[in-house]
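This report considers the surroundings of a ligand, the division into domains and some backbone features of a predicted model.

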Amino acid sequence: MFALDIQGMGKSFKGKKRQVVEALQGLNLSIEQGEVFGFLGPNGAGKSTTIKCLMGLIKPTYGTATIMGEPIGSVASRMKVGFLPENPAFYDYLSAEEYLLFVGGIFKMSTALLARRTEEMLKLLELWDARKRPMRGYSKGMVQRVGLAQVLLHDPDLYILDEPMSGLDPLGRALVKNIIIDLKKRGKSVFFSTHITDDVEKVCDRVGVINKGQLLALDSVDHILQQGIEGYVVNITTVAGLREESFVTKSDLQIFIQRAISNQCLIEKIQPRRKDMEAFFLEIVAR
Ligand SMILES: Nc1ncnc2c1ncn2[C@@H]1O[C@H](COP(=O)(O)OP(=O)(O)O)[C@@H](O)[C@H]1O
Ligand SMILES: [Mg+2]
C-alpha cells in the first residue's frame, strides 16, 4: 500500500473575467511508505491546490487519490495524517495547551495519552513556558511551532506539510528539518511542498518539480546530484613540491590521474564539482 497515491488528479478554478485557471493538470504520483518527498515549485505552481485536494478542503475537478489506502475526503483518510496548512491560523483566544487538547479530542486520543503527548509536544517545540498564554500574543515562529505540535500530536504515519519552512528564521528552519529527519528515522512518510531547493537537497529521498499545474520532473535526490557531476577539482603536489589545483572533466579524469602518478605527483584531493538542486530546478522550470 502506498502512503499516498494520486491518480490523474486535476483542479480548475474560475478566475477573473470568467477565465478558467487550470491550477492542477492530471497529476499522477505515488509516495511509498517511509519516503520523504519534496514537492518543489515556484509560487502559483499548484502545490497548495494539490494539498488542499488531498486534505479534502477542496474537491478535485477530476481524478482520485488515496491516503494510506483511504479515499481522500473521507474521515478515515484525515485520521491517518498530520497536516500543516500553508499559513496556519488558530483560535486567537485559546492557549497552545488548550488548542492541543482540543485537537487531540478530535483525533479521539485517550485522556492519559493526550496529556502525555501534549506535554511532550509543548516541550519539544519550546512552547512550554508560553503554554497557558492566548495564541494571539504569539510570534509568527511560535504559531508555526503550534502548527507542528498539532501535526505531530497523534503520531500519524503520514505527514502532509504545505511550505513548512517558509517564513521562518534559520533556527526555525533547522528545527523543521530536524523534525522531518527524525520522522524519516522512525519510518514515517512525509510529503511537503516548498519553493526552496536547499530544503529538498537536505532532507528528501525524492523530488517532484511542478510548474503551472504540471509535474515536470520526478527523480531521486541522489540521482539528480550524481547526474549533475560536471567534473572534478583535483589537487596534487608535484615532485618539486609545488601544489597545483586543476579542473578535470569527467572523461579526462582517468588519463589525468595516470599521468600524475607516472610523473610521481602526490594526489591530495579529488572533489566532484556538481550542479546542485537549484541548477536542476531552474533548468526544468525554464524549459
Ligand atoms: N480559489 C481560487 N480561485 C481562483 N484561482 C485560484 C484559487 N486557488 C488557487 N488559484 C490559482 O491556482 C494556481 C495555483 O495556486 P496554488 O496551488 O496556491 O500555488 P502554490 O501553492 O504552488 O503557490 C495559481 O494560479 C492561483 O492563482
Ligand atoms: Mg502554496
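Is Arg18 buried or exposed? Arg18 is exposed, because 6 other C-beta atoms lie within 10 Å, and a residue counts as exposed at 12 or fewer. Arg18 is placed in the loop between β1 (4–14) and β2. Although Arg18 is not a glycine, its phi is positive, at about 55°.

A positive phi is also found at Lys212, which is not a glycine. Lys212 is partly exposed, because its 15 other C-beta atoms within 10 Å fall between the limits of 12 or fewer for exposed and 20 or more for buried. The two residues are set out below.

| Residue | Phi | Other C-beta atoms within 10 Å |
|---|---|---|
| Arg18 | about 55° | 6 C-beta atoms |
| Lys212 | about 50° | 15 C-beta atoms |

Which element gives the most to the shell around ligand 1? That element is α1, with three residues. The residues that surround ligand 1 include Phe13, Val21, Ala23, Asn43, Lys47, Ser48 and Thr49; glycines are also present, among them Gly15, Gly41, Gly44 and Gly46. By class, the shell consists of four nonpolar, seven polar and one charged residue.

As for the overall division, the protein comprises domain 1 (4–225) and domain 2 (230–275). The centres of domain 1 and domain 2, taken over C-alpha atoms, are separated by 45 Å.

Methods: Residues are numbered from 1 along each chain as its sequence is written. Chains are lettered from A and ligands numbered from 1 in the order in which they are written. This is a predicted model: local features need pLDDT of at least 70, side-chain atom pairs count only at pLDDT 80 or more; totals for chains, interfaces and linings use all residues. A residue is near a molecule or strand if its C-beta atom, placed from the backbone, lies within 6 Å of it. Helices (H or I, at least four residues) and strands (E, at least two) are DSSP runs, numbered from the N terminus. Ala, Val, Leu, Ile, Met, Phe, Trp, Tyr, Cys and Pro count as nonpolar, Asp, Glu, Lys and Arg as charged, and the others, Gly among them, as polar. Domain bounds come from an automatic or database domain assignment.
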